[in-house]
Amino acid sequence: MAENLFTSLKPGGALLIEMMGKEVLARIFRPRDWTRCDDGSLQLQECQVIDDWTRARNRWIMVRDGEVIERTFEHRLYSAAELTDLLAEVGFGDFEVCGSLAGDPYDHEAKRLVVLARRT
């Protein structure tokens, strides 16, 4: 996939990725959580870290007006170093790593992982 992103851009083009970084997730991880939404619905979440912190399996359950909707999905987890290494392997460079879209540092207080990379 990273190679497809690289070849889709013109030289000098930029790629912006905003996601939950592995470091952020490790700091705030909760295996179960629930939220009452403004519309009165209830959202239940279960998360399981699998494959040595390389993937997360999520189960989301939404309860609204007596109806229950459930979704299960998995996604890959990346640290800042893993993501920039992956992008560098296919030719990206000139990386800027931030902890928010506002440009905050990617440190122990970061809320997200934001990587800006350029096709060199």
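Two strands are counted as paired if DSSP finds at least two bridges between them. Helices (H or I, at least four residues) and strands (E, at least two) are DSSP runs numbered from the N terminus. The model shown is predicted, so local features need pLDDT of at least 70 and side-chain atom pairs count only at pLDDT 80 or more, while totals for chains, interfaces and linings use all residues. Residues are numbered from 1 along each chain as its sequence is written, and side-chain values use heavy atoms, with hydrogens and water left out.

**View 1. The four-stranded sheet.**
Four strands form an open sheet with antiparallel pairing, in the order β2-β3-β4-β5. The edges are held by β2 (32-36) and β5, each with a single partner strand, so one side of each has no neighbour in the sheet. Neighbouring strands of this sheet are turned by 15° against each other on average, direction ignored; the axes are lines fitted to C-alpha atoms, for helices over the stretch in contact, and angles run from 0 to 180 degrees between N-to-C directions. Strands of a sheet pair through backbone hydrogen bonds, either parallel or antiparallel.

**View 2. The hairpin of β3 and β4.**
Nine bridges join strand β3 (residues 42-50) to strand β4 (residues 55-64) in the antiparallel sense. Leucine 44 has isoleucine 61 in β4 as its bridge partner. Four residues lie between the strands of this hairpin, where aspartate 51 takes a positive phi near 50°. Aspartate 52 also lies in the loop between β3 and β4. Although aspartate 52 is not a glycine, its phi is positive, at about 55°. With a relative accessibility of 76%, aspartate 52 counts as exposed (buried means under 20% relative accessible area, exposed over 50%, partly exposed in between, with a 1.4 Å probe and protein chains only). Most residues other than glycine have a negative phi.

Strand β4 runs antiparallel to strand β5 (residues 67-76), and 10 bridges join them. Arginine 64 has glutamate 67 in β5 as its bridge partner, and arginine 55 stands opposite arginine 76 in β5. The two strands form a hairpin with two residues between them, and aspartate 65 in the turn has a positive phi of about 50°.

Aspartate 94 is found in strand β6. The phi of aspartate 94 is positive, at about 50°, although this residue is not a glycine. Aspartate 94 is exposed, with a relative accessible area of 57%.

**View 3. Leucine 16 in strand β1.**
Leucine 16 belongs to strand β1 (residues 14-19). Six bridges pair β1 with strand β7 (residues 113-119) in the antiparallel sense, and leucine 16 stands opposite leucine 116 in β7. Apart from neighbours within four places in sequence, leucine 16 is in contact with Leu101, Val114, Val115 and Leu116, contact meaning heavy atoms within 4.5 Å. Leucine 16 is exposed, with a relative accessible area of 51%.

**View 4. The largest pocket.**
The largest pocket holds about 320 Å³ of space. Of the 18 residues that line this pocket, the closest to its centre are Leu25, Gln45, Cys47, Asn58 and His75. The elements giving two or more residues to the lining are α2 (22-28), β3, β4 and β5. A pocket is an open set of points on a 1 Å grid over the protein atoms alone, where a 1.4 Å probe fits, with protein on both sides within 12 Å along at least five of seven lines; lining residues have an atom within 4 Å of a point. Grid points are joined across faces, edges and corners, and a volume is the space filled by probe spheres set on the points.

**View 5. The second largest pocket.**
The volume of the second largest pocket is about 170 Å³. Its lining consists of Met1, Ala2, Leu5, Ile17, Met19, Tyr78, Leu83, Leu86 and Leu87. Two or more lining residues come from each of α1 (2-8), β1 and α3. The largest share of this lining, three residues, is given by α3.
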